[in-house]
Amino acid sequence: MTAVDAPPAPALHRDRRFRTFWIGQTISAFGDRISELALPLIAVSLLAATPVQVSVLTALIWLPNLLGLFLGAWVDQRTHKRRLLILADLARAAVLLSLPVAYLFGAITLTQLYLVALLSGAGAVLFTLGQQAFFVALVPRPAYVDANSKLSLSRSLSFIAGPAVGGGLVQALSAPVAILVDAVSFLASALLLRRIPVTEAPPPPRRTSTLGLVRDGLVLVLRHPVLRAALGCTTTVNFFTFIAAALLVLYANRELHLSPGAIGVAFGVGALGGLAGAALAPRLSRAIGLGRTAMIGVVVFPAPLALTALIAGPTWAKVAMLAAIEMVSSLGVMLMDVNLNALLMAVTPDDARGRRAGAYSAVNYGIRPLGALVGGVLGTTLGLRPALVVAGVGGVLAVLWLLASPVRHITTLDDPAT
């Protein structure tokens with residue numbers, strides 16, 4: 001079957017259950033964009049954090065993904081995945097609320113900031129692993145690409161408005177108070193999840209120990225040619241892009257001398273590329289094939305990061321250049337994510353979704369703290385601009401994993417390789 005001959009996917013916008021889930025994730029995504037800007041700004045502006053301390057903060061957010069190996073096996077044995085999602089949302093809301101409370105009492109510290117990053121990261125891991133199984137209970141297989149596109153579209157919209165709103169809130173109210181908005185977004189997500197009726201199949205009888213399930217997840221990811229290639233690709237690109245992620249706000253604030261509001265505007269305008277990428281991904285996939293579209297995204301995502309080292313000139317020019325770089329990069333990440341996520345969903349057996357996601361995220365997301373820490377070291381030793389060049393050039397190498405795998409030949413989810 002060719003990309004052109006693929007059967008049409010069902011209309012998800014008419015499915016009330018998916019719409020409710022989609023709205024909840026959209027609200028939560030907008031809140032996340034505020035925290036992503038506010039957390040490092042608290043460290044930089046209120047606590048005078050160094051590049052290494054900012055990189056540690058970024059690393060701690062992603063460190064809990066290393067627990068995914070065991071947590072994924074545990075999630076597979078739970079029948080009610082929706083309850084896990086609600087629990088994760090409520091826990092993250094409570095953790096984030098501690099920051100504005102501490103700020104009001106003048107008691108905010110770098111240690112608390114680190115704890116908030118670590119605990120909110122743990123909640124994100126639990127939500128992500130539970131969402132894998134919950135997603136397939138809501139969405140039929142032919143609609144995987146369309147559903148991922150819609151969720152990515154919301155994520156892109158949040159990157160457009162979220163940073164601009166976040167920058168304005170940080171400037172008007174202070175960064176800790178702005179984080180209150182993210183906490184409220186998690187509460188809204190939890191309330192909407194409670195309203196989704198879903199039939200969740202009980203897990204099959206356990207045939208092995210938790211350690212055995214962990215091993216099964218690792219074996220599945222490392223032996224399956226598609227999963228192995230996707231893991232190698234996303235792990236490589238995550239390592240290098242998180243070198244940049246740990247330094248970008250610091251670079252924009254201290255070397256480019258941009259205000260929080262200007263940084264937010266640049267990131268918000270730049271995120272228009274993600275909106276275009278999320279809308280374009282299903283169409284491009286149908287036209288040239290899923291694998292080729294993903295490979296284009298893998299190159300376009302990290303390559304522009306190297307150009308951030310060339311930003312110079314008056315404030316308006318710096319904001320415009322940063323926005324343009326973010327726009328191209330955002331388009332690339334959506335072309336990569338939408339198609340690879342759909343592919344991962346398609347090739348994973350239903351009874352192994354949690355432990356596959358756990359093993360995959362333990363490696364894929366677990367590399368992010370290392371990338372962030374390396375970014376801090378490179379930013380201190382080489383300087384911020386050379387470190388950003390390393391991030392962009394190194395990230396492009398990730399496409400080699402897909403070039404040497406069956407992924408480059410896959411056109412639709414019904415291809416034999418899936």
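Guide: Contact here means heavy atoms within 4.5 Å. This is a predicted model: local features need pLDDT of at least 70, side-chain atom pairs count only at pLDDT 80 or more, and totals for chains, interfaces and linings use all residues. Residues are numbered from 1 along each chain as its sequence is written, and side-chain values use heavy atoms, leaving out hydrogens and water.

Start at Asn364. Its neighbours within four places in sequence are set aside. Asn364 is then in contact with Leu231, Thr234, Thr235 and Asn238. One of these partners deserves a second look. The side chains of Asn364 and Asn238 make a polar contact at 2.5 Å (a pair of N or O atoms within 3.5 Å; within protein, one must be able to donate a hydrogen and the other to accept it, and residues adjacent in sequence count only if both atoms are side-chain atoms). Asn364 sits in helix α15, residues 353-364 (helices are DSSP runs of H or I, at least four residues, and strands are E runs of at least two, numbered from the N terminus). Asn364 counts as buried because its relative accessibility is 5% (buried is under 20% relative accessible area, exposed is over 50%, partly exposed is in between, with a 1.4 Å probe and protein chains only).

Now look at Gly289. It lies in the loop between α12 and α13 (290-300). Gly289 is buried, because its relative accessible area is 0%. Thr411 is 122 residues away from Gly289 along the chain, yet their C-alpha atoms are separated by 3.8 Å.

Next come the charged pairs. A search of the whole structure turns up two salt bridges (a side-chain nitrogen of Lys or Arg within 4 Å of a carboxyl oxygen of Asp or Glu). One joins Arg92 to Asp89, with the closest N and O atoms 3.0 Å apart. Both residues belong to helix α4 (residues 81-104), three residues apart, or about one turn of the helix. Arg92 and Asp89 are both buried.

The other salt bridge is between the side chains of Glu255 and Arg385, at 3.4 Å from N to O. This pair links distant parts of the chain, 130 residues apart: Glu255 is in helix α10 (residues 248-255), and Arg385 is in helix α17 (residues 384-396). Glu255 counts as partly exposed because its relative accessibility is 33%. Arg385 is partly exposed too, at 27%.

The largest nonpolar core has 65 residues (a core is a set of buried Ala, Val, Leu, Ile, Met, Phe, Trp, Tyr and Cys residues joined through side-chain atoms within 4.5 Å). Val139, Leu193, Leu343 and Leu413 have the most contacts inside this core. Helix α14 gives it the largest share, 12 residues. Take Leu193 from that list. Beyond four places in sequence, Leu193 touches Phe21, Arg82, Leu85, Ile86, Asp89, Phe127 and Phe134. A second, separate core has 51 residues, among them Leu99, Ala252, Leu322 and Leu388.

Step back to the whole chain. It has 18 helices and zero strands. Of its 418 residues, 56% count as buried. Consider contacts between residues at least 6 apart in sequence. Of these, 88% join residues at least 24 apart.
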